[in-house]
Amino acid sequence: MTDTSRKADAGAPRLRLAWVSPITPAKLDSVTWLDTTRELRRMGMDVTLLAAGPAGVQSYRGIEVVNIPRPEIYFISRLVFHLRILRYLLPRLSQFDFILFHPISAIWLFPLRLAGRRRPLLVMDSRDLLDFGTTTVKARLRNGLERLTYRLATRLADGQTAITPRLAQLVGIPPRQLWGIWPSGVDPDAFAVSRATRRWPAGGDPLRLVYVGIFLEKRHLLPLARAVRRANDEGMAFQLSLYGDGPYRPALETYAAAAGGCVQVEKPIPYDAVPAMLSTAHIGVTSLPAPDDVKYEASSPLKLFEYMAAGLPVVATSNRCHTDVVAHGGYAFWAAAPTEDELLAALRQAWAARGRLAELGQESYAAAQDWTWAASARKLYNALAGGRRAQSASSRALSPASSPADH
């Protein structure tokens with residue numbers, strides 16, 4: 001595949017990767033696959049990204065993707081999609097060094113081990129944790145299948161990668177099989193408009209809080225909205241704008257209607273419009289999981305990175321997914337728990353620091369440089385290259401010594 005931005009690193013091995021994506025490139029969370037692919041190609045890796053969509057090669061945000069069609073019928077769509085993936089891969093196995101896939105694809109791709117010694121290395125990548133709190137039959141079946149997948153992966157995958165060390169620990173990836181960790185990331189240049197056109201509050205201007213994402217109960221947006229109203233009743237001035245959609249939207253809209261205008265529930269906006277919107281914000285609101293929420297603890301907070309790249313301080317809960325990133329940075333206003341009282345305490349911190357928001361925004365942007373897609377892709381590249389070297393060394397060690405007659 002071609003890419004006008006591709007630049008090979010001097011002396012780096014030219015690796016060839018087929019990457020099976022479980023989502024359609026048009027979805028918002030596809031930024032992980034698209035931006036990482038862009039950076040891997042810049043490093044000189046040949047990446048064939050395979051995703052669900054209208055048949056043929058198409059471009060999404062400047063990235064070429066091989067679309068594999070699938071019917072929109074539950075389970076049948078997964079079966080048909082992966083059979084078509086296999087039909088695409090089998091005659092091309094010699095063209096790849098690795099096939100990178102995710103647990104949702106593993107059962108269908110593990111049979112490629114039967115393709116012989118010259119097959120590509122099979123690498124399973126984990127980006128999300130099982131939702132152990134679900135109780136529906138569908139969820140229990142899905143979680144049971146994923147547990148089986150991880151057990152099989154320890155035997156059938158050549159290597160594994162994960163989004164965070166905590167996730168690798170929680171799903172039980174054996175250390176000998178863990179090739180590397182590569183987190184989410186951000187493209188700081190994409191948020192240049194956010195930093196360039198922002199007007200920080202002065203005088204009696206309200207502090208504008210912005211949340212972008214899905215509306216779920218576990219993100220604790222309703223306690224935040226109540227905390228905003230209480231802060232304003234205490235004489236502070238906050239304006240909270242919530243951009244997104246989800247099952248908790250009706251509850252948020254009901255509360256916003258009675259909140260006197262300090263809470264606005266907005267429609268979702270296209271990903272490409274987010275940077276310009278963030279230029280109007282003064283503080284970004286992350287997801288607000290409880291500190292002991294294990295599912296979030298294992299995640300890599302994409303939205304936090306985007307707020308940082310936009311040059312925003314943040315309001316966050318002290319879940320490990322946030323504290324591991326911010327560490328000792330002063331640009332986060334912490335809530336010890338996602339309760340109304342603790343979120344109000346975080347808002348008081350922000351109000352006390354309102355004269356320093358521009359300075360804290362600069363600190364946030366500087367910290368984002370450690371969490372770019374380029375840095376993340378480099379970790380993935382090194383994981384694949386290192387895993388291949390280890391596999392080659394192991395194969396040589398296991399090969400029978402040649403006899404004198406062979407010389």
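This report describes the nonpolar cores, the salt bridges and some local backbone features of one protein model.

The model is predicted, and for that reason local features are described at a pLDDT of at least 70 and side-chain atom pairs count only at pLDDT 80 or more, while totals for chains, interfaces and linings use all residues. Residues are numbered from 1 along each chain as its sequence is written, and side-chain values use heavy atoms, with hydrogens and water left out.

## The nonpolar cores

A nonpolar core is here a set of buried Ala, Val, Leu, Ile, Met, Phe, Trp, Tyr and Cys residues joined through side-chain atoms within 4.5 Å. Buried stands for under 20% relative accessible area, exposed for over 50%, and partly exposed for values in between (1.4 Å probe, protein chains only). The largest nonpolar core has 64 residues, and those with the most contacts inside it are L209, F238, L240, L242 and L278. Helix α7, which covers residues 221–233, gives the most to this core, with 7 residues. Helices (H or I, at least four residues) and strands (E, at least two) are DSSP runs, numbered from the N terminus.

What is F238 in contact with, leaving aside its neighbours within four places in sequence? Contact means heavy atoms within 4.5 Å, and the partners of F238 include P206, L207, L209, V228, A231, C262 and W351. A second, separate core has 32 residues, among them L50, V66, V171 and A298.

T164 has its place in the loop between β7 (159–162) and α5 (165–170), and T164 is buried, with a relative accessible area of 10%. Apart from its neighbours within four places in sequence, T164 is in contact with I181, A298, S299 and S300.

## Salt bridges

Side chains of opposite charge can pair when their charged atoms come close. A salt bridge is counted when a side-chain nitrogen of Lys or Arg is within 4 Å of a carboxyl oxygen of Asp or Glu, and by this rule the count comes to 21 salt bridges. The table gives some of them.

| Pair | N to O distance |
|---|---|
| R16 and D97 | 3.1 Å |
| R38 and D35 | 2.9 Å |
| K303 and E306 | 2.7 Å |

R16 lies in strand β1 (residues 16–20) and D97 in the loop between α2 (76–89) and β5 (98–101), so this pair ties together parts that are 81 residues apart in sequence. R16 is partly exposed, with a relative accessible area of 28%, whereas D97 is buried at 9%.

R38 and D35 both lie in helix α1 (residues 31–42), 3 residues apart, which is about one turn of the helix, and both are buried. A network of salt bridges links D35, R38, R61 and D272.

K303 and E306 both lie in helix α11 (residues 302–309), where they are 3 residues apart, again about one turn of the helix. Because 7 of the 8 residues of α11 are buried, this helix is largely enclosed by the rest of the structure. The buried residues of α11 are K303, L304, F305, E306, Y307, M308 and A309. Just after α11, G311 takes a positive phi of about 75 degrees.

Most residues other than glycine have a negative phi, and most peptide bonds are trans. R61, a member of the salt-bridge network, has a positive phi near 50 degrees although R61 is not a glycine. R61 lies in the loop between β3 (56–60) and β4 (63–68) and is partly exposed, with a relative accessible area of 35%. A327, which is not a glycine either, has a positive phi of about 55 degrees. The position of A327 is in the loop between α12 (320–326) and β14 (332–335), and at 47% relative accessibility A327 counts as partly exposed.
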